Amino acid sequence: MLAQHSTVSLVRPCFLSGSQVVLKIIKHYQEEGQGSEVVQGVLLGLVVEDRLEITNCFPFPQHTEEDADFDEVQYQMEMMRSLRHVNIDHLHVGWYQSTFYGSFVSRALLDSQFSYQHAIEESVVLIYDPIKTAQGSLSLKAYRLTPKLMEICKEKDFSAEGLKKAAVGYENMFEEVPIVIKNSHLISVLLWELEEKSTVPSKHELLSLSSSSHLEKSLQMLMDRVDDMSQDIVKFNTFSRNTSKQQQQKHQYIQRRQQENTQRQSRGEPPLPEEDISKMFKPPQPPPRMDTLLIAGQINTYCQTVKEFTSQNLGKLFMAEALQGHNS
Amino acid sequence: AAAARVHEGATPSPGRSRPAVVKIHPVVVASIVDSYERRNEGASRVIGTLLGTIDKHSVEVTNCFSVPHNESEDEVAVDMEFAKNMYELHRKVSPSEVIIGWYATGYDITEHSVLIHEYYSREAQNPIHLTVDTALQSGKMSVRAYLSAPMGVPGKTVGVMFTPLSVKYVYYDTECIGIELLQKTRTSPSRTNGLTSDLTQVAGSAAQTQEMLSTVLAYIEDVLAGKVTADNSVGRYLMDLVDKVPMIPAEDFETMLNSNINDLLMVTYLTNLTQTQIALNEKLVIM
């Protein structure tokens, strides 16, 4: 579901202008998104030719049951109106969401992203993984729906034939857009100042060898998804079994009818009226394909993240071995 | 509040023993610089509200937003409605943040600042005034914080004095990592940086450690050659460093290493298997 690495370079990157977007997203999750809650927000920026530039963002409050009368749209409109007064770009170019161990492929995400992309072709959804970031490297990925998936969403044709026609597999649902951070000179001065003022001992989380808890959690989520998938497969199997049983029944019925008709003819009686077979045997409902696709996509994302993680850890383990080998 | 890491940032501490310290998150200063870059034509500086939390001895600034204002020689106008509205909107997202002061870009404190400070005194007790020198008048982007105190002869002319406070930069752990990545944009010629992945990151970290080790080694060589006098405290740190590498008997280490590698390989195998499985499933079902 993520385009393979070789094709990523063909996709034009999206630019993050200035550091405030990254920092704001990090802060938002840190302050408001404790536990496994998902935080969301809107990305603002502009589209220059066919290049997307994200210049600012603002967070969305959490959905709590108490503020049932909270009007999201109104909040957005007010925020954008106010930001326009201070010359901040007020074009909605996308949205961001935090994720928990890489689980973000869901119907909700698809719908939201579709509505954004429908309005602006280049809009992206930024997925921020705070747990992976805490492990040592900023994990911020931008995704966009592939044009094929966009078409399907437009038609709202999620049946099996529709998907087969558009040849959308779980692998080409989303395409990853590489992110490039662009800083102006002033921000560079600021960064220089920060580095001077705060002697940050650069954290070496990245080189830490402990991996089991993270692996456990990831595998747990993967297993849950695989369970969902297997349930889905069972459903599909029952469906196909039912269809074939029905076919058989239809056949038998037609045969019996013909037999009877020949019998009647031989006895000189009028044949039985032709009945509408399709009304008698209602074909069973095919299970919706979209959910399976989403689950497959999610499983794929999990697998990718886990593989990245294991490859990093293998590298670290070999380094540790080399270090130990030196000593002993 | 999440665990925050405090780093020493030296700015001239006030002569009197005011315990107040201002802790700033880098997101605030980055937003200020961005607002400055977007200021209206003809405006020489931008101002805005600072949001954050207060506790007994220090003030932590975690957010900010700019407020439109007009300044001329003799008068200053601040859009207070706007400030109130924005604060309400921000409160919806983070209800724990309160107005703790205001900021202005520029190096000096002008008379207009006094007026604006008065307005903010109505919104918050003891508001902090932050100046960010975006025009680099002082040669670098200095960030200073002030508290106002009344001065003068009571009953006669009373004025306001701004006393400086010490400024510290505070980071969440994840902010640290974000900043590290952003620092990399300083070195690239187009001031850009892509987000790297997997092994390149580990390699980068290892390279950094290597650099640091070579600096330490160079120092040790110098000491041994007599070029630099040995420093006992440094020597103690070095002892700690060497001790940190655990002395594990070779077979134990082998077993540990192998079991870890086996775990990781097994997980990789399982994930590959799963991916093949779903690919197969796709083909079967779509058929």
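This is a predicted model: local features need pLDDT of at least 70, side-chain atom pairs count only at pLDDT 80 or more; totals for chains, interfaces and linings use all residues.
Biologist: Let's begin with chain B: of the contacts between residues at least 6 apart in sequence, what percentage join residues at least 24 apart?
Modeller: In chain B that figure is 61%, and a contact means heavy atoms within 4.5 Å. Residues are numbered from 1 along each chain as its sequence is written, while chains are lettered from A and ligands numbered from 1 in the order in which they are written.

Biologist: How many helices and strands does chain B have?
Modeller: Seven helices and 11 strands in chain B, against 11 helices and eight strands in chain A. Both kinds are DSSP runs numbered from the N terminus: helices are H or I with at least four residues, strands are E with at least two.

Biologist: And what percentage of chain B is buried?
Modeller: Of its 287 residues, 41% are buried; for chain A it's 48% of 328 residues. The cut-offs use relative accessible area: under 20% is buried, over 50% exposed, and in between partly exposed (1.4 Å probe, protein chains only).

Biologist: Take T105(B). Which residues does it touch, leaving out those up to four places away in sequence?
Modeller: T105(B) sits in strand β7 (residues 98-105) of chain B and counts as buried at 1% relative accessibility. It touches I32(B), Y36(B), S44(B), R45(B), V46(B), V132(B) and T134(B), not counting residues up to four places away.

Biologist: Let's move to rings. How many aromatic pairs does the structure hold over all chains?
Modeller: A pair of aromatic rings is described by the distance of the centres and the angle of the planes. Here there are nine pairs over all chains, counting rings of Phe, Tyr and Trp (its six-membered ring) with centres within 6.5 Å; planes under 30 degrees apart are stacked, over 60 edge-to-face, and the rest tilted. For Y29(A) and Y128(A), the centres are 6.3 Å apart and the planes are at 70°, so that pair is edge-to-face. Y29(A) lies in helix α2 (residues 20-32) of chain A and Y128(A) in strand β5 (residues 124-128), so the pair ties together parts 99 residues apart in sequence. Y29(A) and Y128(A) are both buried.

Biologist: What about Y119(B) and Y120(B): how are their rings arranged?
Modeller: They also pair edge-to-face, at 5.0 Å centre to centre and 65° between the planes. Both Y119(B) and Y120(B) are buried. Back in chain A, F58(A), F60(A) and Y75(A) form one aromatic cluster.

Biologist: Which residue lies over the face of F15(A), at 4.6 Å from the ring centre?
Modeller: That's R51(A). K182(A) lies over the face of F15(A) too, at 5.8 Å from the ring centre. To count, NZ of Lys or CZ of Arg must be within 6 Å of the ring centre and within 35 degrees of the ring normal.

Biologist: Now helix packing. At what angle do the axes of α4(A) and α6(A) cross?
Modeller: Two packed helices are described by the angle between their axes and the distance between the axes. The axes of α4 (residues 107-119) and α6 (residues 147-155) of chain A come within 11 Å and cross at roughly 100°. That makes α4(A) roughly perpendicular to α6(A). Axes are lines fitted to C-alpha atoms, for helices over the stretch in contact, with angles from 0 to 180 degrees between N-to-C directions; under 35 degrees is roughly parallel, over 145 roughly antiparallel, 65 to 115 roughly perpendicular, and the rest oblique.

Biologist: Which residues of α4(A) meet α6(A)?
Modeller: L110(A), F114(A), Q117(A) and H118(A), which meet L149(A), M150(A), C153(A) and K154(A) in α6(A). Q117(A) counts as buried at 5% relative accessibility, and its contacts beyond four places in sequence are S123(A), R144(A), L145(A) and M150(A).

Biologist: Last one: where does N87(A) lie?
Modeller: In the loop between α3 (72-85) and β4 (91-98) of chain A. Phi of N87(A) is near 65°, a positive value in a residue other than glycine. N87(A) is partly exposed, with a relative accessible area of 29%.

Key: Side-chain values use heavy atoms; hydrogens and water are left out.
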